[in-house]
Every structure is written in C-alpha cells, then in structure tokens.
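Trainee: I'm new to this structure and would like a close look at one part of it. Could you take me through the sheet and whatever packs around it?

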Amino acid sequence: MRIVAISDLHLDVVTSGVPRFGEVEAALSRAVDHAIEHLDPREGDFFACLGDVCDPDCGPVGFRVAAALIAAAQRLSREGIDSVWLAGNHDAVLDGRG
C-alpha cells in the first residue's frame with residue numbers, strides 16, 4: 001500500500017500582501033498528478049489531505065478553496081483513487097464553544 005499525503009496547504013495564505021492561492025493550487029494539482037501517475041487503487045493505495053487547507057474566516061477565498069479541493073477529489077475519483085480529506089486546526093472555528 002502506498003499513500004500520497006499532503007498537508008498544510010493554507011490556500012488562503014498571503015505573503016507580504018501577495019495572495020498565494022494560485023501557487024498553492026498548482027502544488028495541489030501536482031500532488032494529484034503524482035498520485036494518478038504512481039498509485040494503484042487495486043493495491044489499496046490512496047491519497048490523503050491531512051488538513052490545514054484554509055482558515056474558516058478567510059472570506060470569499062474560502063469558496064475558491066472549496067472549489068479547488070472538490071476539483072482535486074473529482075480528478076482522483078475519476079481515476080479510481082480513493083482519497084481521505086481531514087480537517088486540521090486551521091480548518092475549524094476554535095472559539096471555545098466546542
């Protein structure tokens with residue numbers, strides 16, 4: 001069994017005022033390309049995103065993030081590759097109310 005794992009994409013990151021969504025989305029796409037090329041679903045191989053894709057209060061970019069993740073999951077699914085998508089601490093509202 002092989003796993004392609006990614007984490008801490010932080011698609012909403014801005015560096016010195018420059019949004020990095022395009023660069024990080026391209027890195028996600030490359031990871032999916034790698035999974036499609038190297039994983040064999042008949043062997044139980046799968047793709048895992050281990051969270052921290054964006055902060056929940058990132059505003060409208062959150063919709064772009066959701067679209068990018070859905071597109072990645074659909075590409076994997078079309079190739080028969082199972083995927084697991086977990087939430088990280090940056091993906092949840094941590095306001096103390098549980």
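Trainee: What is the order of the strands in the open sheet, and which pairing do they have?

Mentor: A word on the basis before we start. This is a predicted model, where local features need pLDDT of at least 70, side-chain atom pairs count only at pLDDT 80 or more, and totals for chains, interfaces and linings use all residues. Residues are numbered from 1 along each chain as its sequence is written, and side-chain values use heavy atoms, with hydrogens and water left out.

Now the sheet: three strands in the order β1-β4-β5, with parallel pairing, make up this open sheet. Helices (H or I, at least four residues) and strands (E, at least two) are DSSP runs, numbered from the N terminus, and two strands pair if DSSP finds at least two bridges between them. The edges are β1 (3-6) and β5, each pairing on one side only. From one strand to the next, the twist averages 15°; axes are lines fitted to C-alpha atoms, for helices over the stretch in contact, and angles run from 0 to 180 degrees between N-to-C directions.

Let's go pair by pair. β1 and β4 are joined in the parallel sense by four bridges, and A5 has A48 as its bridge partner in β4. Helix α1 (residues 21-38) packs on the sheet, touching β1 and β4, and its direction makes about 175° with that of β1. Contact here means heavy atoms within 4.5 Å.

Four bridges also link β4 (residues 46-49) to β5 (residues 82-85), again in the parallel sense. A48 stands opposite V84 in β5. To get from β4 to β5, the chain passes through helix α2 (residues 61-78), a right-handed β-α-β crossover: with the strands pointing away from the viewer, the path from the first strand over the helix to the second runs clockwise. α2 lies across β4 and β5, at about 155° to β5.

Now for the rings. One aromatic pair turns up in a search of the whole structure. The ring centres of F47 and W85 are 5.6 Å apart and the planes are at 40°, so the pair is tilted. (Rings of Phe, Tyr and Trp, its six-membered ring, pair if their centres lie within 6.5 Å; planes under 30 degrees apart count as stacked, over 60 as edge-to-face and the rest as tilted.) F47 belongs to β4 and W85 to β5, 38 residues apart. F47, at 0% relative accessibility, counts as buried, while W85, at 29%, counts as partly exposed. Buried means under 20% relative accessible area, exposed over 50%, partly exposed in between (1.4 Å probe, protein chains only).
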